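Grab your viewer and work through these exercises on pockets and the space between domains. Each one comes with a step-by-step solution.

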Amino acid sequence: MCGIVAYLGERQAFDIILKGLKRLEYRGYDSSGIALADQNGLKLYKKQGKVADLEHFTTGKNISGSTGIGHTRWATHGEPNDKNAHPHLSQDESLAIIHNGIIENYSSLKQELINKGHMFRSDTDSEVVIHFIEDIRNNNACSLEEAVRLALTKIVGAYAIVVIDQNDPNLLIAARKGSPLVIGVGKDEYFLASDATPIIEYTNEVVYLNDYEIAIIRKEGLILKNIEAVQTNPYIQTIDLELDAIEKGGYDHFMLKEIYEQPKSIGDAMRGRLNAASGHLVLGGIRDYLNRLVSADRIVILACGTSWHAGLVAEYFLEDLCRIPVEVEYASEFRYRNPIIREGDVIIAISQSGETADTLAAIELAKSKGAIIFGVVNAVGSSIARTSHVGAYIHAGPEIGVASTKAFTAQVAVLSMIAMIVAYKKGTITETKYHELLVELETIPKKVEKALQLDKKSKAIAERFKDARNFLYLGRGYNFPVALEGALKLKEISYIHAEGYPAAEMKHGPIALIDEEMPVVFIATRDGSYDKIISNIQEVKARKGKVIAIVTEGDVLIPTIADYVLEVPVTIDALMPLVSVIPLQLLSYYIANLRGCNVDQPRNLAKSVTVE
Ligand code: G6P
């Protein structure tokens, strides 16, 4: 939610920042802007729309300067337009700020500043911060660094900010609380960004800023201080991220690339952890706390969006294999419900970005009640990864398409490994069953590869239904969360209304919607509820609904009833979501594409939701 980039060094800042903003555009894309500082003062360019609109707007303009800050916005306070785009200037226009997050007490601060004669040019909370910093600096005759620090002690909310000063172009001041900020350390140059993707082509040495840390950056060096002004030592890490991982590599969209990456990303989630032949299955990150899971009285899973769906799949196999009661909670509901956390409860928090504000806050609440947090996270070094007591990265690599695909399957793979380890240790599955599960999980990347061959067929079905106004997705058992995920994918990127339901619940409501216009997607692979779901398909057909069925290879019955059939390879029930979700991802992708939608950056959505 909002992406920030900044540069200080010898090169032209504009090019680096613009390229960085394009890489971060998945975080927000309603407006963008860049401010540059040099000995001649500040230059500010802001434009509603995509980063490409800003690029077009700045063509032929003076974009020189080797210090700069840039921002791509996902509007919270104030509609997306030029004036609300960042950077924002101070009253005297000598300071500029970029901000990601939300300032909760902005309106009282703004009123105080208005009373002192400040005039605001935008409707944003962010502009208030830079005026506040300016006011403190003027009143206390202190340094900018001190003014930023004092301002932050009074600000309530979440932020990652970077400030530049036209009177001191060899200076960037950055700070974070609750919103991510990474500093790339080059030779006499520094790169700042919301994640490492704008940085890696220049340096792989980074410092992840911690909450309440302030970075004072000059060409001569980086100084970190905490909010009490005490200097701390920067911890420089080397990150292992290849440029290929964040480029489209010949695909039309990141989403399609990421769908196709799944045999590899699921394999990466298991690499070095699973070897079925030797019976080896170890997740190093959770080893120390494994007994807490094995002896858990209850597991509470916290997540949002697609990660919540992965949590639902995990609920099925954790209960099934480990016999531990599981509750899957929307993080946003959990945190405001005065939830009951008892000794013996264990929390699993799932997040692709590791920055989702609701999930983070829910974790903090659970921690304050004494819970142990297991993080299942994709983004290395992210806030959720760092705040969890223990965890397992899913190693899916950067996911850029806003609609999550490869993170979902990697999350399910990692959660299934956790369940297998716990079940084995607890003795709730036999040795034979354990080995059968390991062997089957190891074959999943091959099966996903096979499921990807449904590409053409999915596209043909997408052609037929691209103009539908509603879609229903139905599944039972392990395929119920897949139905929810299929419906979410479709609505996110094609803007077609879609609902996922447990198939048996159809008769309690959604059946009223079914007529000859209504496509109904059944995830009807051959499992324990196969016969039951056939009856549900018949109920839809009897009302002239159009049935698209995801079936197991070799099924001879459903193809005689359904209008369209997509066959996926056979696997055990618990792992079927990893395979049955693939044609649903392809179907949504092609429908959205045929409707001319922006698949990678769907309207109103953001990849990393750092606001409540
Ligand atoms: C946003 C994204 C979804 C994602 C959800 C949770 O809504 O658009 O794709 O599933 O946030 O994000 P997380 O990073 O915590 O998995």
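**Pockets between domains**

The lining of the second largest pocket takes at least three residues from each of domain 1 (3–244) and domain 2 (249–429), with domain bounds coming from an automatic or database domain assignment. The model is predicted, so to speak: local features need pLDDT of at least 70, side-chain atom pairs count only at pLDDT 80 or more, and totals for chains, interfaces and linings use all residues. Residues are numbered from 1 along each chain as its sequence is written, and side-chain values use heavy atoms, leaving out hydrogens and water.

**Exercise 1.** Work out which residues lie nearest the centre of the second largest pocket.

*Solution.* Start with the lining, which has 23 residues. Nearest the centre you'll find Ala-158, Lys-177, Gly-178, Asp-211 and Leu-360. Then sort by class: 8 nonpolar, 6 polar and 9 charged (Ala, Val, Leu, Ile, Met, Phe, Trp, Tyr, Cys and Pro are nonpolar, Asp, Glu, Lys and Arg charged, the others, Gly among them, polar).

**Exercise 2.** Find out why the largest pocket lies between two domains.

*Solution.* First, look at who lines the pocket: domain 1 (3–244) and domain 2 (249–429) both give residues, so the pocket lies between them. Next, count the lining by class: 15 nonpolar, 13 polar and 15 charged residues.

**Exercise 3.** Decide whether Asn-338 is buried or exposed.

*Solution.* Check the relative accessible area, which is 63%. Asn-338 is therefore exposed (over 50%; buried is under 20%, partly exposed in between, with a 1.4 Å probe and protein chains only). Finally, the C-alpha atoms of Asn-338 and Ile-421 are 32 Å apart.

Technical notes. On a 1 Å grid over the protein atoms alone, a cavity is a set of points where a 1.4 Å probe fits but cannot get out, and a pocket is an open set with protein on both sides within 12 Å along at least five of seven lines; lining residues have an atom within 4 Å of a point.
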